[in-house]
Amino acid sequence: MEKLRCAKTENKHNLDLVVNELDSNTKYVRQLLQEAVSAKDPANISKVDLSSITDKLRAVEHLPIHLLTSDGNNADTLIRFVVDESFLTQINNHCQLDIHSASSYSLVKTEDLPPDYVIELIDEDTESDTLMLMSSLTSSMSSISETTSQDVEQADPHRNDRSTNSTSSKNAKFSTNAVKGSSDIVTVCHICDPSNFYVQRVADRLTVESLCLQLSKHVHASKPPQSVLKDGIYMVQYEKDRKWYRTRVRSILPSSSENTEETSVDILYIDYGNTEIIPSTRLRCIPPAYAHTPAMTRHCSLFGLVPCNGKWSQEAVVMFATMVNEHRVRMVIMEHSADTYQVDLCQLPGNAENSDVPVSVRDALVFLEFACFVAQTERKVTLPQRTVKYFEEKDFKKGDAVDVVMSHVVSPHSFYVQRLGEHARYLTSVMKDMNTEYTKSANIGLIYTPQVGMPCAAQYTVDKKWYRAKIIALPGKRMVEVFYVDYGNQELVAWNQIRRLQPRFLRIPAQAVHCSMSDIIPSEQHWTPAVKEYLMKVTAKKILCLYVDVVQKHQLKVTLYESQANVDVCINALVVREGYGTSVGVSSSFVEYHKLDGVPLQPPSDAKHTKPRFTRRKPVANVRTQCLSNARDVTVSKQGKVDKHKAPEDPLLLEVKIRNCLSPSCVYVSLLAREEKMNNLMHQLQEYYATASSYTDNWEVNSKCCVFSVEYKQWYRAIILELNLPNQQARVSDFHISSSDPIENHS
């Protein structure tokens, strides 16, 4: 008896621990549900951490809920009465009581149950409202791997859906606490028109499938009803898949004159939304437990939307079905009544790049002019969109010189060029891949709700090829105005001539560079159409050199040159010479810049210091310029002296030596009169820094320094132009050489 009392006490203590653990978990779940209900209130949306609440709700299903003994057996205490057969001779020890008390109770997770453990089903009538509320709250965070195929005319209840989500409860249903602004993840399972359709929660898919299997097991014991009741719940075998589904009798139709005994009924498949008229003999009585389970669909209508012509067209119904067919969507509740939810169907958050669902189905139908908004109806129910600046890359700096081709001309103050080299080769590859992809994809990736600034692929009306573009305007009539980001032109196209641009085609920046010619203004008040034609003619199919004069926010002010055999021709100056514009600066003053012949410059003959020789990176000579006006030509000899026979004396003419030519618009020179001082200074620099130790400081831009050129093996005076280059380098200038050198070479 003592053993029995001890075993009872031990089991009671162990069960008390389990009860305490259950009470603690129950309190935690109730508190979490209160937080979740509070979070659904729009007034509290900014005060709560939705991500934290979502994670906690998802973790609830992993709480231990199964009562199991430590050895995996059932929860009954093993008590065995053992009789000693020698009790007649040993009466004092004739029997003993063995109590197996090694087992203890514990709560375990579903995944930790023994392989042979059978989970008992919970009766539907005993589930609490708390569990149903938890199912409703967690459903909006659920996901599903595949969705179903629906028929536009009538959604078949035999769809072979498979869901990986197992969080919905057995009595899963739409939350009775639905409020304006709340949302759920659903699929559209039956469509009559955009004002009359049914949805099914993604979280309820497993419950629907399980219910169908249970009905098939009970149908053999079911009988036809003796009398059919209007609004009664029955089982019906669907003829297409021969499976049994729940239905509600909407109306009882009068019998035909040929057969007065057989009546027909109009039924609604309450878990899918489609209807059918069948003979009453196909009805079967349904077990009460399944009849009381709430319907798994909800009747919906797009909020505040009416058809443009007073009646939904077949084209509008087909387009609506195309937008939502085979897709999970986010249903936002705008208003609701006992029978219908007034909703908008939206794209799932974070799925913009891969989803064909519009950001807002309501907005899409209005854009396509199938519907219009009712007066005083809030128009926008959209997802928060990421603010992304597509295609942009600002990698130009003042003084850059690059080879380009003209891609589009509006005027001398607005034209577009494309860079050559690696950029052009990559663009060619992207264009080839795009046309292969979008030609074979047919209507995949249609944009139902285009927005200004959205990137897209657009089919050019001239050659029917696909190009990268950006939407710049929505003029109406299902038309979209696009800007071709790699060429600079724009055009008006139909909405179905654009597609969602795949992320792999967004990797390179826009190749069309917006430019304006420097130092030129129109001869008249505005640029004439003739100047556009002229500019297109002189630049067509030519490789041009572009020199950046000024970098502006959305445009570069540049000077364009065409390189010919003996001269570089300034396109800016050509426009002025032809009378289309007026020059207001040096970048448009001279048409021809004669090429440098590469002969080295020699120092003056009277120079006293000859070492070290001040070498030049780009030897130049025989530079000849031609002015647009009547200015006189000047020829500089190889010795750097002005030829007196070709250029009369003028106090404004100076003898110079060309030190460095970055472009025809940027030339560095030095006065020949100061050449001797320059040579002396260079000689002193070499002598001083040949023995001086290296000295470094915290350098700043515009700091003056002395730099050793690795290329010329000499020291030069310099000014720091740029720091923070790779490998601790700095870009410096001595007013006639620009280079990037390691920072330790500065003193």
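Mentor: Two residues are in contact when heavy atoms of theirs lie within 4.5 Å. The model is predicted, so local features need pLDDT of at least 70 and side-chain atom pairs count only at pLDDT 80 or more, while totals for chains, interfaces and linings use all residues. Residues are numbered from 1 along each chain as its sequence is written, and side-chain values use heavy atoms, with hydrogens and water left out.

The loop to begin with is the one between α7 (361-367) and β16 (371-373), where glutamate 369 lies; helices (H or I, at least four residues) and strands (E, at least two) are DSSP runs, numbered from the N terminus. Glutamate 369 has a relative accessible area of 37% and is therefore partly exposed, given that buried means under 20%, exposed over 50% and partly exposed in between, for a 1.4 Å probe and protein chains only. Leaving aside residues up to four places away in sequence, glutamate 369 touches Cys308, Gly476, Lys477 and Arg478. The C-alpha atoms of glutamate 369 and cysteine 308 are 7.1 Å apart, although 61 residues separate the two in sequence. On lysine 477, the backbone nitrogen lies 3.0 Å from a polar atom of the glutamate 369 side chain, which is a polar contact (a pair of N or O atoms within 3.5 Å, where within protein one must be able to donate a hydrogen and the other to accept it, and residues adjacent in sequence count only if both atoms are side-chain atoms).

Arginine 478, one of the residues that glutamate 369 touches, is placed in the loop between β20 (466-476) and β21 (479-484). Its phi is near 60°, a positive value in a residue other than glycine, and arginine 478 is partly exposed because its relative accessible area is 23%. Arginine 478 also forms a salt bridge with glutamate 315, the closest N and O atoms being 3.9 Å apart, which meets the requirement of a side-chain nitrogen of Lys or Arg within 4 Å of a carboxyl oxygen of Asp or Glu. Because glutamate 315 belongs to helix α6 (residues 314-324) and arginine 478 to the loop between β20 and β21, the pair ties together parts that are 163 residues apart in sequence. Glutamate 315 counts as partly exposed, with a relative accessibility of 48%.

Salt bridges that share partners join Asp184, Arg201 and Asp204 into one network. The whole structure has 16 salt bridges.

A positive phi in a residue other than glycine is found again at aspartate 519, where the value is near 55°. Aspartate 519 is placed in the loop between β24 (513-517) and β25 (520-522), and it is partly exposed, at a relative accessible area of 24%.

Aromatic rings give 19 pairs in the whole structure, a pair being rings of Phe, Tyr and Trp (its six-membered ring) with centres within 6.5 Å, counted as stacked with planes under 30 degrees apart, edge-to-face over 60 and tilted for the rest. The rings of tyrosine 448 and tryptophan 495 are tilted, because their planes stand at 40°, with centres 6.0 Å apart. This pair links distant parts of the chain, 47 residues apart, with tyrosine 448 in the loop between α8 (422-440) and β19 (455-459) and tryptophan 495 in the loop between β22 (490-494) and β23 (498-500). Tyrosine 448 is buried at 5% relative accessibility, and tryptophan 495 is buried at 8%. Elsewhere, ring pairs link Tyr238, Tyr245, Tyr269 and Tyr272 into a cluster.

As for the protein as a whole, its secondary structure comes to 11 helices and 37 strands, and buried residues make up 41% of its 747 residues. Among contacts between residues at least 6 apart in sequence, 63% join residues at least 24 apart.
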